[in-house]
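Here is a short briefing for someone opening this structure for the first time. It starts with the terms and then goes through the features by topic.

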Amino acid sequence: MSRPLSVADGPAFLRLMKHYVMDYTNSHDQGETPKIMEADYALRMGPYDVVGRDTAYRAATRKQMDQFPGLILTVHEIWTSGERLMMRFSEHGASIRHGGAITAWGGIGLYVWNGDRLVKNFVEQDYASRARQMKSGIPNPVESPATAPWDTKAEAPDPAAEAAVRAWLKSGRLARTPGVLCDDAWTGAEVEAIVEPNGVIINDLFSCGSRVGFHATQTGALLADFAPTEADVGRKVELHMAGIVHVADGAVATGRIIRNRLDLQRTLGPR
């Protein structure tokens with residue numbers, strides 16, 4: 001990086017993300033990616049690192065765009081410090097692999113750039129909710145879009161807010177905090193109790209003012225509600241997640257978390 005980035009770079013970061021959303025994702029034009037991402041762009045989702053803009057990343061996104069030929073990304077929340085950017089979004093469309101089943105699922109991405117192009121994204125998407133919708137044939141609604149996402153004002157990092165969120169993550173209370181919604185609970189869906197936590201690995205964490213984005217791996221014992229068999233109860237597991245929370249008066253007040261339930265289900269077997 002040739003120079004340190006600051007809030008003054010926020011408008012440029014937002015312009016880049018507008019390009020990413022409008023001209024690449026929603027237009028399904030992978031020819032735009034060299035203008036948006038570095039060649040060694042890396043995406044971290046769950047335990048996986050997808051590295052290489054024109055190789056592994058291109059193949060993964062092409063697969064999703066082919067399955068959902070009308071795929072749309074809608075931004076619900078976006079914050080930047082100029083150096084980093086966090087975005088909460090939904091993707092929605094009809095799956096040609098499931099008889100045209102319509103579905104909408106949430107995601108949270110935490111983006112790294114170098115002042116010119118994207119370098120990395122820590123992200124989780126609620127593929128467990130997507131799978132449930134495709135099976136039932138009943139889609140979730142799409143949340144309201146952010147009113148003016150590309151006019152968001154950049155805010156400097158807040159070390160105190162970051163410290164509060166680090167302590168909160170280590171406390172294990174993230175799925176039991178009033179005002180913090182997990183997965184698609186905003187639709188009225190039941191919040192699944194997944195693990196009894198005994199630790200957390202913080203893969204990424206940064207702030208834009210009082211908003212803090214994080215990507216974390218929670219460790220703990222599998223709970224009965226999520227266990228496929230009685231023998232799996234208490235099994236040591238890892239649950240990957242991404243979140244955006246809002247800190248007020250030194251504590252986490254509100255926020256959203258997307259937990260990678262689908263990858264965990266796959267390691268456990270059918271429920």
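A residue is called buried when its relative accessible area is under 20%, exposed when it is over 50%, and partly exposed in between, using a 1.4 Å probe and protein chains only. By that rule Y41 and Y57 are both buried. The model is predicted: local features need pLDDT of at least 70, side-chain atom pairs count only at pLDDT 80 or more, and totals for chains, interfaces and linings use all residues. Residues are numbered from 1 along each chain as its sequence is written, and side-chain values use heavy atoms, with hydrogens and water left out.

**Aromatic pairs**

- Rings of Phe, Tyr and Trp (its six-membered ring) pair if their centres lie within 6.5 Å; planes under 30 degrees apart count as stacked, over 60 as edge-to-face and the rest as tilted.
- Seven aromatic pairs turn up in a search of the whole structure.
- Y41 and Y57 form an edge-to-face pair, because their ring centres are 5.1 Å apart and their planes stand at 80°.
- This pair joins distant parts of the chain, with Y41 in strand β1 (residues 37-45) and Y57 in helix α3 (residues 52-67), 16 residues apart.
- Helices (H or I, at least four residues) and strands (E, at least two) are DSSP runs, numbered from the N terminus.
- W105 and Y127 make a tilted pair, at 6.4 Å centre to centre with 45° between the planes.
- W105 is in strand β5 (residues 101-113) and Y127 in helix α4 (residues 127-136), so the pair ties together parts 22 residues apart in sequence.
- W105 is buried at 1% relative accessibility, and Y127 is buried at 17%.
- Y20, Y24 and Y111 are linked into a cluster by ring pairs.

**Charges over rings**

- A charge sits over a ring if NZ of Lys or CZ of Arg is within 6 Å of the ring centre and within 35 degrees of the ring normal.
- R130 lies over the face of W105, 4.9 Å from the ring centre.
- R211 lies over the face of W79, 3.8 Å from the ring centre.

**Helix α5**

- Helix α5 (residues 159-171) has 13 residues and spans 18 Å from its first C-alpha to its last, close to the 18 Å expected at 1.5 Å a residue; the expected span is 1.5 Å times one less than the number of residues.
- The buried residues of α5 are A161, E162, A164, V165, W168 and L169.
- Seen down the helix axis, these buried residues fall within an arc of 160°, so they line one face of α5; the arc is that of the directions from the axis to the C-beta atoms.
- On the face turned away from the buried side are the exposed residues P159, A160 and K170.
- Elements covering the buried residues of α5 include β7 (180-182), β8 (195-208), β9, β10 (236-248) and β11 (251-259), where contact means heavy atoms within 4.5 Å.
- D158 caps the N-terminal end of α5, with a side-chain oxygen 3.0 Å from the backbone nitrogen of A160.
- G172 follows α5 and has a positive phi, near 80°.

- T217 is in strand β9 (residues 211-222) and is buried, with a relative accessible area of 3%.
- Leaving aside neighbours within four places in sequence, T217 is in contact with R44, G199, V200, I201, N203, E238, L239 and H240.
- N121 is in strand β6 (residues 118-125) and counts as buried at 2% relative accessibility.
- The side chain of N121 reaches the backbone nitrogen of L110 at 3.2 Å.

Conventions:
Polar contact = N/O pair within 3.5 Å; in protein donor to acceptor, adjacent residues only side chain to side chain.
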